[in-house]
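Reader: I would like a close look at a single part of this model. Please keep the answer plain and connected.

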Amino acid sequence: MGGFSRGMGGGMGAADRPGRHGGGASRAASADLTKKRPKPKFRDIWPEIRALILPRRWLLAASFCLMIVNRACSLVLPMSFKPLVDTVFIKHQMQVLPIVVGAVMLATLVQGLTSYTLTQLLSKSGQKLIAELRVQVQKHVGHLPVAFYDENRTGTLVARIMSDVEGVRNIIGTGVVDFVGGVLTAIFAFVYLMKQSIPMTLVTFTIMIAFAGVIQKAFKVIRPIFRERAKINAEVTGRLTESLGGVRVVKGYHAESSEANVFAGGVERLLANVVSSLTAQSIMTLSSTVILGVVGGVVMYMGARLNYAGKMTPGGYFSYVMILAFMTAPIVQLVNIGTQLTEAMAGLDRTREIMGEMEEDADPARSFEIGPIEGNVRFVDVGFSYVPDKPVLHNINFEAKPGTVTALVGSSGSGKSTVISLVCGFHTAQSGAVLVDGHDLANVKLSSFRSQLGVVLQETFLFDGTIRENVLFSRPDASDEDFQRACSIARVDEFATRFPEGYETIVGERGVKLSGGQRQRLSIARAILADPRILILDEATSSLDSESEAMIQHGLSFLMQGRTTFVIAHRLSTIRRADQILVVEQGRIVERGTHDELYVLHGRYRELYDRQHGLEENLFLAPGEGDVVVEESKA
Ligand SMILES: Nc1ncnc2c1ncn2[C@@H]1O[C@H](COP(=O)(O)OP(=O)(O)OP(=O)(O)O)[C@@H](O)[C@H]1O
């Protein structure tokens, strides 16, 4: 398969990236795809076009030959009018008739067959290439670092994968061949017409060239309107999808009418856009009708005078008119194809841009295959910033021994998730090092490390598939026995078997058919199945009722056993059980120790704990119950 190779042309090498191993400030280095790019020069994207054309050169060469035959045949019908009218109709030489009819029929047949073959060869091959490129680009995007996703909107990425590659159809598909075919027809017809009458041809061509100029101008006006329309459409449908998907929030805030207003505003913008393009389109129709009339009149007038002067036979005149008509289409097409090719090149250029982004594991520094790990994680003087000069973490030092639980607590925005991101290898430390079993994570091939990592996030990520598919997401090839076991430990079986379709129940878009607790149980089952050495838990801030909490606790305790666990902790139960608690404030660890040690310290931890404990007490506990919890914790 031709196409794009990773990092081809314009790819950013590790050395170009700021940060120690490229990944650290990769947020700053990742391309912002929304930025307007200068119009691509043909010279710049020639390597890509060459890579697409080379493997298909024989196909394209054969198509060109077919195209020449096709266009030559298309001229037989208009040219046949000369012998038909002059020889058969006027001179009554009937023996010429079968030759004319036979030639027309044969030419038409050959034209039909070559058109059919061209579509079969080129269109199918173009579409196949689009499919291949989509797969290639999606795969590449999937392997780009998290920082890249931070920088770019999902919609933009979807467009890169789905729409931009479509342009290649015009380069490999019918576009180029049509273009050349159009030029050939135009040249052939021009020569033929000039031979019939130089003045008439020059006059009609001047008018037609002026018309082509008008059309091109009109397209220049219309094209941005169409582009704008696609944008408005995406915005309106995007917002509509969100408000339909978030119907609970919309209704909860009684925001139906404001959502209706937002939608009405969007529809109005769309209408204004369509109306303005309709004006341009109708001007185009008007001018083409007028031009047709003018050219028709000129040809009629000049043709009649030529005939009167004995310089043009009636058959010659009809042929002339027919060829002129046949030629108009390819010439108008030329204008269109020209734009299509420009857009295809712009699409290719954008695809090239995204393919040039370096995949996570493409960093030459990341060459170490880590193999099975024990799960010792050590932060040595780690510093990190998402944006240059705005450090988020400063000199973080800690060790998480295999099989222990490390809880991260601290106020919102203090840097807990960032610490976790570094453990996951989503970002790379800019100073200091994150060591896993003594190996600097910055040098480790992330695919070898991530397979030993499990994450249970507070926003459980469910696909619109069955319960089974969602659990098996972490290990699609797991045996049914392992699947059942994971579901039983995480207590997914309890609610799944209550649905008529059991594990085959579709969880609905974003899992709306499941309660928050059920969703969490599902994601715990998923993590149990993955059997990771390092486990990341991002606990839900919103407390679950005590029954759900107990259900989840069972699965969680099992899951955490023997694994190095990092928790962004909100549940008091988790915090109390942690082997070490790191209190993070403004990117620094301000306190560390176990619950008991920190509790008596009367510092920041005690403050946070008391505040949360008070909150939980007020929310869920009957008066007096809270004290029992504290007693237990001290025991
Ligand atoms: N992708 C990002 N780009 C730029 N800045 C970021 C990014 N992610 C987080 N930050 C910033 O880094 C700081 C630490 O954020 P982080 O998410 O680590 O905090 P947190 O302690 O996990 O907060 P919370 O408890 O609210 O989730 C914040 O000031 C945040 O604005």
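Which residue of S9 is the bridge partner of alanine 407?

Author: The model is a predicted one. In it, alanine 407 has isoleucine 581 of S9 as its bridge partner. That pair belongs to the pairing of S3 with strand S9, residues 580-585, which runs in the parallel sense over four bridges. S3 also pairs with strand S8, residues 564-568, again in the parallel sense and over four bridges.

The burial of S3 can be read residue by residue. On one side of the strand are Val405, Ala407 and Val409, and on the other are Thr406 and Leu408; all of these are buried, which leaves both faces of S3 covered. Burial here requires 20 or more other C-beta atoms within 10 Å of the residue's own. Because five of the five residues of S3, residues 405-409, are buried, the strand is largely enclosed by the rest of the structure.

Methods
Residues are numbered from 1 along each chain as its sequence is written. This is a predicted model: local features need pLDDT of at least 70, side-chain atom pairs count only at pLDDT 80 or more; totals for chains, interfaces and linings use all residues. A residue is buried if 20 or more other C-beta atoms lie within 10 Å of its own, exposed if 12 or fewer, and partly exposed in between; C-beta atoms are placed from the backbone. Helices (H or I, at least four residues) and strands (E, at least two) are DSSP runs, numbered from the N terminus. Two strands pair if DSSP finds at least two bridges between them.
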